[in-house]
Amino acid sequence: DTALDPGFGERWTRAMITAFVAEADRLGELDRLAGDGDFGRNLTSAFGRVSQEVAAADPTTYAAWLTCVSRGFLGTGGTSGPLFGMFFRELARCADGDEPTVAELGQGLAAGLATVQRYGKAEVGHKTMVDALAPAVDALTSSGGSLRDAAEAADEGARSTAEIIARRGRASYVGEASRGVLDPGAVAMAMVLALAADA
Ligand code: ADP
Ligand code: MG
Ligand code: MG
């Protein structure tokens, strides 16, 4: 079980800042179609805070980079802010040295999933970020699973949310109207995993 390349935490964080600032409007549109429409604004605000945290903390370790991401989300509203904040806090904790190994990252993702489910009470099939994260954890913690396998499982999970009606979050208030619309939190979680694989 080898450590990820030096600089993984920094590359992952910087790629998330760039990608989510660029994609916030598209993801916000999904929340407008089946939710309350604030997801794009919540993401923009979270990553604005992440950039501020980075400027203030000048992180040099994996844990310090991921702590900036966690803190950016924890300072943000919506349901997704605290959930992503706690998720990234578990990821910040998963490595004792500098960059995590693939196994440590798998443990961090599993701990993140457990925290999201403890607070949000969503199961797979409820049309939330859990639909992308749970299959990614399964892929990465099964023997020989790579980060790319996890990203592909997350992408498939996110795409499956189009076919179902939301059972958690604000999209659950609109019933049938959420069918046909991807869950923005699941799409965002799949992006997080894809950017990790790229990094
Ligand atoms: P809000 O619904 O409070 O406006 P956001 O728009 O910021 O929050 O985030 C919406 C996303 O949060 C959804 O797309 C979904 O993936 C995720 N989400 C909502 N409720 C839950 C929950 N109980 N458990 C896990 N994820 C959730
Ligand atoms: Mg919303
Ligand atoms: Mg809201």
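Modeller: One term to begin with. Helices (H or I, at least four residues) and strands (E, at least two) are DSSP runs, numbered from the N terminus.

Biologist: Okay. What kind of model is this, and how are things numbered?
Modeller: This is a predicted model: local features need pLDDT of at least 70, side-chain atom pairs count only at pLDDT 80 or more, and totals for chains, interfaces and linings use all residues. Residues are numbered from 1 along each chain as its sequence is written, while chains are lettered from A and ligands numbered from 1 in the order in which they are written.

Biologist: What is the mean pLDDT of the protein?
Modeller: The mean is 96, and 100% of the residues reach 70 or more. pLDDT is the predictor's confidence in each residue, from 0 to 100.

Biologist: And what ipTM does the complex get?
Modeller: The predictor gives an ipTM of 0.98, with a pTM of 0.97.

Biologist: Now the ligand. How many residues surround ligand 1?
Modeller: There are 24. A residue counts as near if its C-beta atom, placed from the backbone, lies within 6 Å. The closest are Gly 78, Ser 80, Gly 120, Gly 169 and Gly 185.

Biologist: Which helix gives the most to that shell?
Modeller: Helix 8, with three residues. Helix 2 (39–57), helix 4 (80–93), helix 5 (102–120) and helix 8 (184–198) each supply at least two.

Biologist: Let's change topic. Where is Lys 121?
Modeller: Lys 121 sits in the loop between helix 5 and helix 6 (130–141). Its phi is near 60°, a positive value in a residue other than glycine.

Biologist: Is Lys 121 buried or exposed?
Modeller: Exposed, with 12 other C-beta atoms within 10 Å. The cut-offs use C-beta atoms placed from the backbone: 20 or more others within 10 Å is buried, 12 or fewer is exposed, and in between is partly exposed.

Biologist: What about Asp 58?
Modeller: Asp 58 has a positive phi too, of about 45°, although it is not a glycine. Asp 58 lies in the loop between helix 2 and helix 3 (62–74). Asp 58 is exposed, with 8 other C-beta atoms within 10 Å.

Biologist: How many residues of helix 3 are buried?
Modeller: 10 of the 13, so helix 3 is largely enclosed by the rest of the structure. Among them are Trp 65, Arg 71 and Phe 73.

Biologist: What covers them?
Modeller: The cover includes helix 1 (8–33), helix 2 and helix 4. Contact here means C-beta atoms, placed from the backbone, within 7 Å.

How values were computed. Contact = placed C-beta atoms within 7 Å.
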